[in-house]
Amino acid sequence: MSTNRHPIEQEELMAYFDGELPAEQATEALSHLELCSECQTLAADFRGVSQELMAWEVESPEVGISSEINAALGERLQKREAAKVSLPKLKNRVVTNRWVWAGALAIVCVAVGLTLTLTSRNRNADRATGYPSMASIEQYLVPDRNAEIALARSAAPEAISNDAKILVLGWRGYETAIEGKNGFVCMVERSWILPFHSAQFWNPKVRAPLCFNPAAAQSILPLTIKRTEMVLAGLSKAQMIDSIKAGFENKELPVPGPGAMCYMMSRAGYLNDAVGHFVPHLMFYFPLTDKSSWGADLPDSPVTLNPQFRDGPEPITEFVIPVGKWSDGTAAPVM
Amino acid sequence: MTSDEALMLEFQGGSRAAFEELFARYRKPLYGFFGRRLNNPERAEDLTQETFLAVIRAASRYEPRALVRTYLYGIALKLLAAERRKFLTSSTSRQSAAEPNTVGTPDCVLWVRQAMERLDAPEREILMLREYEQLSYSDIAELLRIPVNTVRSRLFRSRLALKSYLESEARTNPGLRSSAGQPHPGRRGTQ
């Protein structure tokens, strides 16, 4: 099959049927398939082979858990119970730490006016809502893949996002929907990127579009990916915190690289129940840095220290600078 | 429904119910895995149980880096490799395996099995992991420690080869073709 006549290779066509092609190539494959009788024949051949293979079924006898497994299971669970004797202390420590973090966050919120726009009305609304545990995964997914791609792109001006790599959230985590050309990566973050003690950590409505520049794609994106993987794997917050700490300790997670930043200029995002789509802004990432080095939170300074990573397991300082326009060039509300 | 990964972590945390749920979800698929690769239903059942034993013994070391599904088939592949090594060193096993029990096996199943046996072993394994275990290309690549592109190209070759073998078989036995490839309640492999 010549690629002059067929824009996709036969192997790619097979991958399309297996659901293994990225969205952009899948769309191309589908468009071509509708017109090409040769490829339609190949498709029918692949389907035929799969159907014939399904003839080979294996009837499994109805057997329960064997006595050997039962014994091993009993032994393991007994050991586990014995090990629990030393756990209460640890548990108390974790709980204490949580309260310390929660307290620290409250102090930070008061001290820095919590990122620019929290009104008392919004705070009341925030307290009134609650997301004590993870909702079903479906609630965090965007059913229309193209809609998520468009939302991700809306984080930055088209001149940046049109050539950016686009990630979308699937059942198994973030996956590449469109390959990029300029080193930027656009995606829509979910609520679990909020501080672990945030009341909205499990808010399924959160859709936070952002575009990482190449430096942040190398150093901040892995953190989002890791948190997402852990959430989808069902880890507890304590386990996630431990894992992130270990990740930074063993260098699995990088510290922010020089110049790491991202665009958050979407007017269609939803950052949390308190601020909605917030205001368009840029975020800059550093290894732990004193906020005074940026003049953050000083009177009339446009720079704010974002509490996202404050007192969390990530050794990252993040500054926020609001900008005057949304990514589509329209004027943003005056803060 | 609780995810497999969440169940695995619950089991790691001491939940027997979580293990029982995983057992219920994966006993039949694992039996099918071994059943198609060994001509011995008893060993298929033994190895299925051994897979779960390995899960119990390694539970404290489990890390949710991969899907539980992939993790289980990773264990199953190791057990299968050990079984095959054992089989190669046992003359009695070799004799008994040389002639798989086909009594009562429908012709269309024999036909598929024979066609599969004509594939190169690595390509056959990839095809089976994809078609029967429904693993993704990247899961297969991870389990077999080969690049994803290799998985794709071998899968492509094996499907084309299998199609050719099946067509050639259909020409030889035209009556079989009409019944193959369509779901039928009586179509069961007996192993």
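Author: In this predicted model, 44 residues of chain A and 59 residues of chain B take part in the contact. Together, chain A and chain B bury about 4,800 Å², and 61% of that area lies on carbon and sulfur atoms. The size of an interface is often expressed in this way, as the accessible area lost when the parts come together.

Charged and polar groups also contribute across the contact. Five salt bridges are counted between chain A and chain B. One of them joins A:Asp18 to B:Arg159, with the closest N and O atoms 2.7 Å apart. The residue pairs in polar contact between chain A and chain B number 13, with both partners at pLDDT 80 or more. On the side of chain A that touches chain B, the elements giving two or more residues are helix H1 (10–17), helix H3 (37–53) and helix H4 (67–83) of chain A. Of these, H4(A) supplies the largest share, nine residues. Sorted by class, that side of chain A comprises 21 nonpolar, nine polar and 14 charged residues.

Strand pairing in chain A is the next topic. Strand E6 (residues 281–287) of chain A has five of its seven residues buried, and is therefore largely enclosed by the rest of the structure. Burial here means a relative accessible area under 20%. E6(A) pairs with strand E5 (residues 261–264) of chain A in the antiparallel sense, over four bridges. Within that pairing, A:His281 of E6(A) is the bridge partner of A:Met264. E6(A) is also joined to strand E8 (residues 316–322) of chain A, again antiparallel, by seven bridges. There, A:Phe284 stands opposite A:Phe319 in E8(A).

Two loop residues of chain A deserve a note on their backbone. A:Lys251, a residue other than glycine, has a positive phi, near 70°. This lysine sits in the loop between helix H11 (237–249) and E5 of chain A. Its relative accessibility is 70%, so A:Lys251 counts as exposed, the threshold for that class being over 50%. A:Asp300 likewise is not glycine and has a positive phi, near 65°. The loop between E6 and strand E7 (304–305) of chain A holds A:Asp300. With a relative accessibility of 82%, A:Asp300 therefore counts as exposed.

Definitions and conventions:
Residues numbered from 1 in each chain as written. Chains lettered and ligands numbered in written order. Predicted model: local features only at pLDDT ≥ 70, side-chain atom pairs only at ≥ 80, totals over all residues. Heavy atoms only, no water. Buried < 20%, exposed > 50% of the residue type's maximum accessible area, 1.4 Å probe, protein only. Pairing = 2+ DSSP bridges. Contact = heavy atoms within 4.5 Å. Buried area = accessible area lost by both parts, 1.4 Å probe. Salt bridge = Lys/Arg side-chain N within 4 Å of Asp/Glu carboxyl O. Polar contact = N/O pair within 3.5 Å; in protein donor to acceptor, adjacent residues only side chain to side chain. Nonpolar A, V, L, I, M, F, W, Y, C, P; charged D, E, K, R; others polar.
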